Amino acid sequence: MDFSPSPRAAELTAETFAQAFASRTTYRDTGANGVAWIYGVARHQLGRFFRAGRVDRAARRRLGMPERDLPPADYERIEELIDFVTAS
């Protein structure tokens, strides 16, 4: 199994942790280990990622440029990484 991140997955991960660091003052210690908070940040970043993709696709269509689809392997890779981190 290949665990090397795709460029998009690596970018999304970096953006997630950058946003988490920038928002660290909003974290409320409830006795949990913070995983749920990080997953919340990741969920919001993933939503932004997909919204940005929709805007990008619409602009590409208007300009007559070819589509840039996220290959199924990238979705699988994201799910594998989430499962890997969850198991850790």
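Among the elements of the chain, helix 1 has the highest mean pLDDT (86) and helix 3 the lowest (78), where pLDDT is the predictor's confidence in each residue, from 0 to 100. This is a predicted model, in which local features need a pLDDT of at least 70 and side-chain atom pairs count only at 80 or more, while totals for chains, interfaces and linings use all residues. Residues are numbered from 1 along each chain as its sequence is written, and side-chain values use heavy atoms, with hydrogens and water left out. Over the chain the pLDDT averages 79, and 90% of the residues score at least 70.

The chain contains 3 helices and 0 strands, which follow one another along the sequence in the pattern α-α-α; helices (H or I, at least four residues) and strands (E, at least two) are DSSP runs, numbered from the N terminus. Of the contacts in the chain with a separation of 6 or more, 58% come from residues 24 or more positions apart, a contact being heavy atoms within 4.5 Å. Of the 88 residues in the chain, 18% are buried, where buried means under 20% relative accessible area, exposed over 50%, and partly exposed in between (1.4 Å probe, protein chains only).

Consider helix 1 next. At 1.5 Å a residue, its 16 residues should span 22 Å, and this agrees with its end C-alpha atoms, which are 22 Å apart; the expected span is 1.5 Å times one less than the number of residues. Its buried residues are Ala-9, Leu-12, Thr-16 and Ala-20. Because they cover an arc of only 70° around the axis, they lie on the same side of helix 1, the arc being that of the directions from the helix axis to the C-beta atoms. On the other side, Pro-7, Phe-21 and Ala-22 are exposed, whereas what covers the buried residues includes helix 2 and helix 3.

In the loop between helix 1 (7-22) and helix 2 (35-63) lies Ser-23, which counts as buried at 16% relative accessibility. The side chain of Ser-23 makes a polar contact with the side chain of Gln-19 (2.8 Å).

Side chains of opposite charge can pair when their charged atoms come close. A search of the whole structure finds 1 salt bridge, that is, a side-chain nitrogen of Lys or Arg within 4 Å of a carboxyl oxygen of Asp or Glu. Glu-80 forms a salt bridge with Arg-77, with the closest N and O atoms 3.5 Å apart. Both residues lie in helix 3 (residues 72-87), 3 residues apart, about one turn of the helix. Glu-80 is partly exposed, with a relative accessible area of 28%, whereas Arg-77 is buried, with 6%.

Conventions: A polar contact is a pair of N or O atoms within 3.5 Å; within protein, one must be able to donate a hydrogen and the other to accept it, and residues adjacent in sequence count only if both atoms are side-chain atoms.
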